[in-house]
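Dear colleague,

I am passing on a structure for you to look at, with the sequence alongside. My notes on what was found in it follow below.

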Amino acid sequence: MALSYSQEASGDACGIDRSDIAGIERGEHNWALINILRIIGALGLQPSEFFQELDRPTRNRSKP
């Protein structure tokens, strides 16, 4: 999802310092869960929507 936010605007919307947003984008900062939830909220998404791409199809399991 592209919203065309600057790092400063992203940081303001998320309550995270701009330099931390920049570090997250560069992979230099750890994505603490609280920051992930703030970013998800600023994007207007639910956590399940944000992480949907991580879902993998389940394997067919044999029934016991």
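Helices (H or I, at least four residues) and strands (E, at least two) are taken here as DSSP runs, numbered from the N terminus. Please keep in mind that this is a predicted model, in which local features need pLDDT of at least 70 and side-chain atom pairs count only at pLDDT 80 or more, while totals for chains, interfaces and linings use all residues. Residues are numbered from 1 along each chain as its sequence is written, and side-chain values use heavy atoms, with hydrogens and water left out.

The protein has four helices and zero strands, so that, in the sense of DSSP runs defined above, its elements read α-α-α-α from the N terminus on. Of its 64 residues, 20% count as buried, where buried means under 20% relative accessible area, exposed over 50%, and partly exposed in between (1.4 Å probe, protein chains only). The accessible surface comes to about 5,500 Å², with 48% of it belonging to carbon and sulfur atoms; these areas come from the Shrake-Rupley method with a 1.4 Å probe, and for residues only the protein chains shown count as cover.

Ser 10 lies in helix 1 (residues 7-14) and is buried, because its relative accessible area is 13%. Leaving aside neighbours within four places in sequence, Ser 10 is in contact (heavy atoms within 4.5 Å) with Tyr 5 and Ile 21. Asn 35, which belongs to helix 3 (residues 33-42), also counts as buried, at 17% relative accessibility. Between Asn 35 and Gly 15 there are 20 residues in sequence, and their C-alpha atoms are 8.6 Å apart in space. For the protein as a whole, 23% of the contacts between residues at least 6 apart in sequence join residues at least 24 apart.

A search of the whole structure finds one salt bridge, that is, a side-chain nitrogen of Lys or Arg within 4 Å of a carboxyl oxygen of Asp or Glu. The partners are Glu 28 and Arg 26, whose closest N and O atoms are 2.9 Å apart, and both residues are exposed.

There is also one aromatic pair. The ring centres of Phe 50 and Phe 51 are 5.1 Å apart and the planes stand at 85 degrees, so the pair is edge-to-face; rings of Phe, Tyr and Trp (its six-membered ring) pair if their centres lie within 6.5 Å, with planes under 30 degrees apart counted as stacked, over 60 as edge-to-face and the rest as tilted. Phe 50 counts as partly exposed at 29% relative accessibility, and Phe 51 is likewise partly exposed, at 29%.
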